[in-house]
Amino acid sequence: MARYTVLTPDAQHDDDHRVEREVAGSDVDFIHYTTADASDVPDETWEKVDALLVWHVLPIDQRVLSRLKNCKIIVRCGVGFDHIDLASAGAAGIPVSNCPDYGTNEVADHAIAMMLTFSRGLTAYHRTMTADPAGNFHWNRGEPRRIRHKTFGVVGFGRIGTAALLRAKAFGMHIVGYDKYAPRGQEIALEIERVESLEEVLERADVLSIHTPLTDETRGMIDAAALKRMKSDAILINTARGPIVDTAALIEALRNNEISAAGLDVLPVEPASLDDPLVKAFAEQPDWLKDRLILTPHAAFNSEAGRYDARANSTKTMMRYLETGELWNCVNGAFLKA
């Protein structure tokens, strides 16, 4: 009989938990679903599991939590956990952990790639050098920009924000960081300039890169007022969470030339919806938007190595707690009942 039963209700893999079994051992019973609807999983399955490994598709809300009779830990196979009711899980005595030790390099690389694409005019070069329907070939060098000595503004300098700013430093950029929750002195270790307000980093950044979690405080943080504070030639990059940026305000800021360009890997609604005015404009590509907006499908984290790390490290966190009681990466400690 298996020591533990583990459920992945919204699995993002279809290989019978190959990685998880490799880490956990052969006497753990894994149950696999690929659903966004909790009702697709039978009640008796929810009730018997010792742990959940969850992705970012199925909300772990009170409806799910009330069905967990034996669950000892919930581990999010990724970083963000805004779809999990942390307080209710804590009240039920269930710790929730995330997996911060994957995807850091990939997301930082993605942010810098977006910056370089805009600053060097790569999308414009690609588009204009591609023969048009009439067979014309365009040889136009445009007006790319030098990034050395420009200011890279980072909102949130945790793991990924730090990885991104270190890459920007390597290009000779000046780093200005805002993070009200980072320990005092972290800016000294990183050798960056720390500012005490979002407004200051907005006003000073030539490139603004967002690296914060989605919380009540950060939801809609980059709104119309924030965008108006930015330089008219600034670049905005968001590889964090979609709802941090008000996309309706962003498309108007681009239309009105309040900022120069924006690269988003994340959107308020995913997959992308044409109900979003920014997505609709991107699909239509009016002349005023060409080469000024990059959208990617929440893929900044994605690589074969990164996906392996997410699965393996989440399973390690789960097994550590089940076998020893040692809790890694807990994100709802403040809510756990004694």
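I began with Thr317, which, leaving aside neighbours within four places in sequence, is in contact (heavy atoms within 4.5 Å) with Ile73, Val75, Ser97, Trp328 and Asn329. I noted that the model is predicted, that local features need pLDDT of at least 70 and side-chain atom pairs pLDDT 80 or more, and that totals for chains, interfaces and linings use all residues. Residues are numbered from 1 along each chain as its sequence is written, and side-chain values use heavy atoms, with hydrogens and water left out.

I then placed Thr317 in helix H13 (residues 304-324). Helices (H or I, at least four residues) and strands (E, at least two) are DSSP runs, numbered from the N terminus. Thr317 is buried, at 2% relative accessible area. Buried means under 20%, exposed over 50%, and partly exposed in between, with a 1.4 Å probe and protein chains only.

I next looked up the sheet. It is open, with 5 strands in the order S2-S1-S3-S4-S5 and parallel pairing; two strands pair if DSSP finds at least two bridges between them. Strands S2 (28-32) and S5 (96-97) are the edges, each pairing on one side only. S1 (residues 4-8) and S3 (residues 51-54) pair over 2 bridges in the parallel sense, and Leu7 stands opposite Leu52 in S3.

I turned to salt bridges, each a side-chain nitrogen of Lys or Arg within 4 Å of a carboxyl oxygen of Asp or Glu. A search of the whole structure finds 25 salt bridges. In one of them, the side chains of Asp15 and Arg311 meet at 2.8 Å, N to O. Asp15 is in the loop between S1 and helix H1 (18-24), and Arg311 is in helix H13, 296 residues apart. I recorded Asp15 as partly exposed, at 26%, and Arg311 as buried, at 8%. Both belong to a network of salt bridges that links Asp15, Arg18, Glu20 and Arg311.

I also checked Asp109 and Arg167, whose closest N and O atoms are 2.6 Å apart in a salt bridge. Asp109 lies in helix H5 (residues 104-119) and Arg167 in helix H7 (residues 159-170), so the pair ties together parts 58 residues apart in sequence.
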